Amino acid sequence: MEPFTIDPERQWENSVKLLPRFDTYRIAYKYVNSQPIHAFIVVPKQLPNGPRPLLVRFHGGGWTEGTAESSLRPFFLELALKHGAVIITPDYRLRPEHDMADGIDDVRSFWKWIEQEVQRILQNSPLAINLDVRNLLIGGESAGGYHTAQTALLGMTTLPIKVLFVQYPGIDLDSMLQAPDKLGDKAEQNALFDEEVPFSVVEEHLASVAPGTVCARAKFGTRMHLMRSLVQAGKFCDFSGDRAWISPVNSLDMAPKLPPILLYHSKEDEALPWQQTDAWVKKLQALQPDVPLHLAYAETGDHVFDKNYSMAEPWLQEPLEFVQKYWPARDG
């Protein structure tokens, strides 16, 4: 575990103001082709004594870009300060260098590392943190919302999840990957098809990558053309047959009992139509009607409308009240 400096240029304004109150560390949680895939541990400089709750955050980026420690939401940082919680956020392998299943495999490996190693690492470090991994909130935005949901849907961890904090997730891959003209009356705005990108763009990119190179980090805003190219060519993801579980709409069919869920989305989302979330929720309520759920729709705002929200944001009051009913659990 080594000290790491978060680049303020890759954070939103309100997060930049909060980062001086944290220390950050980097550690490899797995190796692929002898190359590390890292998790980042973001720790309040002032922590109370006793076991500290855990907030795990998965980054977004359309499965093709993003870095774990970038674009941290201000309200997650504030939740960590309020409750003396430790934030851990992992990288994972990205498309198109890797298959979707590779990224999911990384998330499974991350949870194994959380369950088996991270408490010892933090306890034996100079920080001497007593991390209570069983006092667990999992959150993530967009593609990170996908990994947040799939963690529970696929039973990736044996730890008791207190609550899922799911932000405008990529949760209905079948609808997301279909061109609007194929959806007929169900067609909604989908930014993945608003600009034609030939598949040759992906082919040229992959030709430039050295064999065996692991890509688990890519700057936000630099590779969405690759996602558009993959989607438009029908080559983003195969979840047919025995790979059906890759789509959360399908993994919901076989999911274990789910924890409380906060799920929100903007009705002006230009990237992932809110109706996809709504359809998934209806299926959830039919299959597991007893799961505590807080579903909220913002009437305005783009895909990442909450990017600079603090806990004081009026729209967030009810969602955060719901989350804090379950996490941190006072009894651990």
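**Cysteines, strands and cores**

Mentor: A search of the whole structure finds zero disulfides, a disulfide being a pair of cysteine sulfur atoms within 2.5 Å. Bear in mind that this is a predicted model, in which local features need pLDDT of at least 70, side-chain atom pairs count only at pLDDT 80 or more, and totals for chains, interfaces and linings use all residues. Residues are numbered from 1 along each chain as its sequence is written, and side-chain values use heavy atoms, with hydrogens and water left out.

Trainee: How far is Cys215 from the nearest cysteine sulfur?

Mentor: The nearest cysteine sulfur to Cys215 is that of Cys237, 17 Å away, and Cys215 is in no disulfide. Cys237 is likewise in no disulfide.

Trainee: And is Cys215 buried or exposed?

Mentor: Cys215 is buried, with a relative accessible area of 10%, and Cys237 is buried at 13%; buried means under 20% relative accessible area, exposed over 50%, and partly exposed in between, using a 1.4 Å probe and protein chains only.

Trainee: Switching to strands, how many residues of E8 are buried?

Mentor: Six of the six residues of strand E8 (residues 261-266) are buried, so E8 is largely enclosed by the rest of the structure. Helices (H or I, at least four residues) and strands (E, at least two) are DSSP runs, numbered from the N terminus. On one side of E8 lie Ile261, Leu263 and His265, on the other Leu262, Tyr264 and Ser266, and both faces are covered.

Trainee: Which strands pair with E8?

Mentor: E7 runs parallel to E8 and is joined to it by four bridges, with Phe165 having Leu262 as its bridge partner in E8. Strand E9 (residues 293-298) also pairs with E8 in the parallel sense, over six bridges, and there the partner of Ile261 is Leu293. Two strands pair if DSSP finds at least two bridges between them.

Trainee: What does the chain cross through from E8 to E9?

Mentor: The chain passes through helix H11 (residues 274-287), in a β-α-β crossover that is right-handed; that is, with the strands pointing away from the viewer, the path from the first strand over the helix to the second runs clockwise.

Trainee: Where is Tyr168?

Mentor: Tyr168 is in the loop between strand E7 (161-167) and helix H6 (173-176), and Tyr168 is buried, with a relative accessible area of 0%. Although Tyr168 and His265 are 97 residues apart in sequence, they are 4.5 Å apart in space, C-alpha to C-alpha.

Trainee: Which side chains make polar contacts with Tyr168?

Mentor: The side chain of Tyr168 has a polar contact of 2.8 Å with that of Arg73 and one of 2.4 Å with that of Asp306. A polar contact is a pair of N or O atoms within 3.5 Å; within protein, one must be able to donate a hydrogen and the other to accept it, and residues adjacent in sequence count only if both atoms are side-chain atoms.

Trainee: Last topic: how many residues are in the largest nonpolar core?

Mentor: The largest nonpolar core has 70 residues, and those with the most contacts inside it include Trp111 and Phe236. Helix H3 (residues 100-116) gives the most to this core, with seven residues. A nonpolar core is a set of buried Ala, Val, Leu, Ile, Met, Phe, Trp, Tyr and Cys residues joined through side-chain atoms within 4.5 Å.
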